[in-house]
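Me: I have this one open on my screen. Can you walk me through how it is put together?

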Amino acid sequence: MKKLPIVALIGQTNAGKSSLLNRLAHRNIAIVAREAGTTRDNVMARIDERFLLIDTAGLKDPEDDFEANIQDQINDAIDAADLILLALDSSKYPDNRDKSIARAALKSQKPVLLLLNKSDLGESLPETEFLNLGFKAQQTLRVSATTGQGTKELKQLILQSLYGDRSSRASLGSSITDSNERSEQVDRVGGDSNNDPILTAPLKLALIGRPNVGKSSLFNRLGDKQQALVSSRQGTTRDINRVEIRYHKRTIEILDTAGLRRPGKREVGIEKFSALRTLAAIEESDICALLIDATEPHAKLDQSLAGQIVDAGKGIIVVLTKVDLIDDPDPIIAELERDFNFLPYAPVLLTSSETGANITQLFQLATEIDATRHQEIKTSELNKILNEAILEHTPAGLKNTRPKLKYMVQTDTCPPWFVVYGRDIALLHWSYKRFLERKIREKYPFVGTPICFSFREDSAQK
């Protein structure tokens with residue numbers, strides 16, 4: 001799965017940013033939402049597999065001091081986003097807060113679009129009232145999250161800004177990129193067929209976790225240098241630090257992600273995490289090491305971060321840090337298995353940056369997971385698995401109609417992607433996907449990597 005550009009929605013809380021996010025995501029893809037075993041906050045949408053749309057205000061505590069909150073919001077957008085959308089309530093005259101946000105956004109030198117939301121209201125102000133914010137006419141667009149006014153044009157402008165003319169010609173009403181097109185993209189990225197992409201491409205390993213779990217200490221150990229500033233004070237790491245190492249003739253780039261943006265305050269959920277930087281690191285990486293402090297109870301935020309890694313289709317290793325400070329890790333591992341039961345395929349590694357225990361095993365696990373992410377299964381093998389699954393558990397249906405699964409093919413790698421064709425697919429219960437995943441993993445474990453499914457109606461069989 002290729003890295004997707006990040007588009008950040010900024011602005012005051014009354015501008016309707018969440019509604020805009022819902023509107024843009026509604027027709028083509030569901031907003032990232034809660035599913036069994038994960039705790040997710042609805043502040044992110046993956047749009048047509050072309051870009052990630054982030055409501056930055058949803059990542060911050062609305063109780064925070066305004067100026068600090070806005071500065072954090074802008075800093076995150078500047079560092080991590082490829083495009084910034086400033087949303088304003090067009091029925092209200094811009095105030096000093098709006099001007100402050102606009103000034104910081106324009107100063108960032110990132111592409112910025114001004115969205116005059118709620119333009120369907122009769123009290124919506126003329127564009128001339130917003131001229132003093134510093135935006136040009138081509139940077140301004142009237143939209144309405146309620147009626148959908150201007151949202152198609154907005155998506156067009158976003159694609160033009162991110163991809164140029166090539167992508168702007170794409171149909172805005174199209175559904176998620178066809179799996180065959182994804183395969184062709186992977187083939188093109190692979191480059192020279194004489195070179196093994198697994199061996200020639202650098203492997204990117206991101207260290208992900210809550211503040212103060214030992215990311216920087218592990219980063220220093222892995223890189224064998226004191227490049228990152230290590231401190232017991234939360235929030236020390238602000239940007240993504242990088243170091244490259246060679247492991248068994250393979251280049252591995254390690255990314256150390258940021259912790260809390262504002263030192264001294266305990267995090268309360270994802271809104272207290274430097275989420276845009278973390279999200280950018282997840283999107284850039286191939287494998288993510290999710291660090292969990294063995295000396296503290298793991299939190300819902302750990303589950304949320306795991307969910308983000310899985311949703312991005314990245315490999316995952318659960319790394320239990322500071323094990324030198326505990327007597328018996330078994331109870332902690334048992335809790336992890338219970339609370340992260342949606343990650344049965346993720347290996348757990350017990351480490352200590354202080355003693356160096358099991359540190360280099362992280363490299364070995366990362367390379368092994370990378371190999372499984374590139375694994376391809378023959379269609380004949382997949383259909384054997386599918387037929388065995390149907391014999392063991394026939395898909396249920398409604399009254400006298402039930403879905404009939406015909407055949408399954410693998411269309412992509414990184415992560416492995418499988419498409420199941422059949423009849424009356426719309427009747428297939430969501431739990432059957434999990435059943436099929438278990439059947440595949442029984443023969444092909446795909447250790448440390450999520451696998452994806454698409455279910456399609458086979459028109460030729462009708």
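Me: Which residue does Leu205 stand opposite in β9?

Reply: Leu205 stands opposite Ile254. Keep in mind that this is a predicted model.

Me: How many bridges join β7 to β9, and which way do the two strands run?

Reply: Five bridges join them, and the strands run parallel. β7 covers residues 203–209.

Me: Which helix packs on that sheet?

Reply: Helix α10, residues 300–311. α10 touches β7, β10 (287–293) and β11 (315–321). The direction of α10 makes about 175° with that of β10.

Me: What is the strand order in the sheet?

Reply: β8-β9-β7-β10-β11-β12. This is an open sheet of six strands with mixed pairing.

Me: And which strands stand at the edges?

Reply: β8 and β12 (348–350). Each has a single partner strand, so one side of each is left without a neighbour in the sheet. On average, neighbouring strands here are turned by 25° against each other, direction ignored.

Me: Back to β8. How is strand β8 joined to β9?

Reply: By seven bridges, with the two strands antiparallel. β8 spans residues 241–247 and β9 spans residues 250–256. In that pairing, Ile245 stands opposite Ile252 of β9.

Me: What sits between β8 and β9?

Reply: Two residues, and the strands form a hairpin. His248 in the turn has a positive phi of about 50°. Lys249 lies in the loop between β8 and β9. Lys249 has a positive phi too, about 65°, although it is not a glycine.

Me: New topic. What is the order in the sheet that holds β1?

Reply: β2-β3-β1-β4-β5-β6. That is an open sheet of six strands, with mixed pairing. The edges are β2 (44–47) and β6 (140–142), each with a single partner strand, so one side of each is left without a neighbour in the sheet. The twist averages 25° from one strand to the next.

Me: How do β1 and β3 run, parallel or antiparallel?

Reply: Parallel, with four bridges between β1 (residues 6–10) and β3 (residues 51–55). Val7 has Leu53 as its bridge partner in β3.

Me: What does helix α1 touch?

Reply: β1, β2, β3, β4 (83–89) and β5 (112–117). α1 is residues 17–26, and its direction makes about 155° with that of β3.

Me: On to helix pairs. How do α13 and α14 cross?

Reply: At roughly 125°, with the axes coming within 10 Å. That makes α13 oblique to α14. The crossing is right-handed.

Me: Which residues make the contact?

Reply: From α13, they include Leu382, Ile385, Leu386 and Glu388. From α14, they include Tyr432, Phe435, Leu436 and Lys439. The contact residues divide into nine nonpolar, no polar and five charged.

Me: How many aromatic pairs does a search of the whole structure find?

Reply: Seven. Phe418 is in strand β14 (residues 417–423) and Phe446 is in the loop between α14 and β15 (452–457), so the pair ties together parts that are 28 residues apart in sequence.

Me: Last one. Is the bond from Cys414 to Pro415 cis or trans?

Reply: Cis, with omega near 0°. Pro415 lies in the loop between β13 (404–412) and β14.

Technical notes:
Residues are numbered from 1 along each chain as its sequence is written. This is a predicted model: local features need pLDDT of at least 70, side-chain atom pairs count only at pLDDT 80 or more; totals for chains, interfaces and linings use all residues. Side-chain values use heavy atoms; hydrogens and water are left out. Axes are lines fitted to C-alpha atoms, for helices over the stretch in contact, and angles run from 0 to 180 degrees between N-to-C directions. Angles under 35 degrees count as roughly parallel, over 145 as roughly antiparallel, 65 to 115 as roughly perpendicular and the rest as oblique. A crossing is left-handed if the near helix is turned anticlockwise from the far one by less than a right angle, and right-handed if clockwise. Contact means heavy atoms within 4.5 Å. Ala, Val, Leu, Ile, Met, Phe, Trp, Tyr, Cys and Pro count as nonpolar, Asp, Glu, Lys and Arg as charged, and the others, Gly among them, as polar. Two strands pair if DSSP finds at least two bridges between them. Rings of Phe, Tyr and Trp (its six-membered ring) pair if their centres lie within 6.5 Å; planes under 30 degrees apart count as stacked, over 60 as edge-to-face and the rest as tilted.
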